[in-house]
Amino acid sequence: MEGKLEEALAEINRVLETGEGTLEIFSAKAQIQFELEMYEEAAQSYAKLLSMHPKHANANLNLAVCLERLGRWQ
């Protein structure tokens with residue numbers, strides 16, 4: 001689904017509805033949401049990813065970037 005971010009996000013959401021959420025799926029969802037400037041949603045997805053894998057380095061960094069974009073400095 002290269003270049004079709006909205007369609008890719010919809011497909012990922014369909015997969016997640018089946019209960020088949022993996023680290024890779026949540027990571028892809030968060031990245032697409034970030035690219036679509038959906039920072040609140042991306043932050044939630046990165047937080048979910050971190051709840052699954054607390055030491056996921058990219059998720060920690062990207063969550064921080066989302067929160068910065070949202071003006072949440074605390």
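**Entry 1. Overall fold**

I counted the secondary-structure elements and found four helices and zero strands in the protein chain. I note that the model is a predicted one. Read from the N terminus, the elements follow the order α-α-α-α.

I then looked up the dimensions. The C-alpha trace spans about 35 × 25 × 15 Å along its principal axes.

Of the 74 residues, 28% count as buried. Among contacts with a separation of 6 or more, 38% join residues 24 or more positions apart.

**Entry 2. Helices α2 and α3**

I asked how the axes of α2 and α3 cross. Helix α2 covers residues 23-35 and helix α3 covers residues 39-52; their axes come within 8 Å and cross at roughly 160°. An angle over 145 degrees counts as roughly antiparallel, and α2 and α3 are therefore roughly antiparallel to each other. I recorded the crossing of α2 past α3 as left-handed.

I listed the residues that make this contact. From α2 they are L23, F26, S27, K29, A30, Q31, Q33 and F34. From α3 they are Y39, E41, A42, S45, Y46, K48, L49 and M52. Sorted by class, the contact has nine nonpolar, four polar and three charged residues.

**Entry 3. Residue Q33**

I next selected Q33, which has its place in helix α2 and takes part in the contact with α3. Is Q33 buried or exposed? I found a relative accessible area of 5% for Q33; buried means under 20%, so Q33 is buried.

I then asked which residues Q33 is in contact with, leaving aside neighbours within four places in sequence. They are L9, M38, E41, A42 and S45. Of these partners, I found E41, A42 and S45 again in the list of α3 residues that meet α2.

**Entry 4. Residue G19**

Finally, I looked up the separation of G19 and G71. The two residues are 52 residues apart along the chain, and their C-alpha atoms are separated by 32 Å.

Note on methods:
Residues numbered from 1 in each chain as written. Predicted model: local features only at pLDDT ≥ 70, side-chain atom pairs only at ≥ 80, totals over all residues. Heavy atoms only, no water. Axes fitted to C-alpha atoms, helices over the stretch in contact; angles between N-to-C directions. Helix = DSSP H or I, 4+ residues; strand = E, 2+ residues; numbered from the N terminus. Parallel < 35°, antiparallel > 145°, perpendicular 65-115°, else oblique. Left-handed = near helix turned anticlockwise from the far one by under 90°. Contact = heavy atoms within 4.5 Å. Nonpolar A, V, L, I, M, F, W, Y, C, P; charged D, E, K, R; others polar. Buried < 20%, exposed > 50% of the residue type's maximum accessible area, 1.4 Å probe, protein only.
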